[in-house]
Amino acid sequence: MASTSRTRTGRGRGRGSGSLSLPPLPSTLPLIIEEFFIVVYEDPLVKKQLPKKFADYLDGQEPAKVYLRAADCGPRLRTVEVLFDGQGRMYLDKGWEKFAIAHGVDFGCYVHFKYEGDDVLTVKVFDETMCRRYYYSDDESN
C-alpha cells in the first residue's frame, strides 16, 4: 500500500472548512527596522540599550552618535553618543541623560523610537499607565 501525505486543514467556525494561510515572505526582501520601543526598568538616566535587531539593521554603518527629536516638539535635535559593545549591542550614552530629564523619562516609561534615517530618531514617551506624554516646548529652561 502506497503511503500518502495529507495536509490537515482546520475547521473554521460556521459553515465550511478550510484553513487560512498566508504566503511565505520572500527571503529577498530586506529587513527594515523603522520603529521599536524600550521599557525603562532601570535608572532612566543611565545609558539605554536599544534592541539588538535595530543594531543588526545598522550593521556596517554604526553611527558614533544619533540625533533624538521629540515628536511634536519642533525640529530641535539632541545629540546622543552611541556605544557598540562588540557583541552586537547598541547603547544610547552621553546626551541621553539630558534628553531623559527634559522629556520626563522615568521608571516604568515606554519609549518609542522611529528611525527617520540619517541617524535621526523621533521619540515618543509613554508613562507607566501607557499614556503618551506631550510637551509644548523643547526649551531646556521649561
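Select lysine 52 and aspartate 56 first: their side chains meet in a salt bridge, with an N to O distance of 3.1 Å, where the term stands for a side-chain nitrogen of Lys or Arg within 4 Å of a carboxyl oxygen of Asp or Glu. This is a predicted model, in which local features need pLDDT of at least 70 and side-chain atom pairs count only at pLDDT 80 or more, whereas totals for chains, interfaces and linings use all residues. Residues are numbered from 1 along each chain as its sequence is written, and side-chain values use heavy atoms, with hydrogens and water left out.

Now extend the selection to residues 52-57, which make up helix H1; because lysine 52 and aspartate 56 are four residues apart in this helix, about one helical turn separates them. Helices (H or I, at least four residues) and strands (E, at least two) are DSSP runs, numbered from the N terminus. Lysine 52 is partly exposed at 41% relative accessible area, and aspartate 56 is also partly exposed, at 40%; buried means under 20% relative accessible area, exposed over 50%, and partly exposed in between, with a 1.4 Å probe and protein chains only.

Next, select arginine 132 together with aspartate 72, whose side chains form a salt bridge at 2.8 Å, N to O. Arginine 132 lies in the segment after strand E7 (120-126), while aspartate 72 sits in the loop between strand E3 (65-70) and strand E4 (78-84), so the pair ties together parts that are 60 residues apart in sequence. Aspartate 72 itself is exposed, with a relative accessible area of 55%.

Then move to aspartate 85 and arginine 89, a salt-bridged pair in which the closest N and O atoms are 2.7 Å apart. Aspartate 85 is partly exposed at 31% relative accessibility, and arginine 89 is partly exposed at 29%. The salt-bridge count comes to three.

Of its 142 residues, 28% count as buried. If you display contacts (heavy atoms within 4.5 Å), residues 24 or more positions apart account for 53% of those with a separation of 6 or more. A surface view corresponds to an accessible area of about 10,300 Å², of which 50% belongs to carbon and sulfur atoms, by the Shrake-Rupley method with a 1.4 Å probe.
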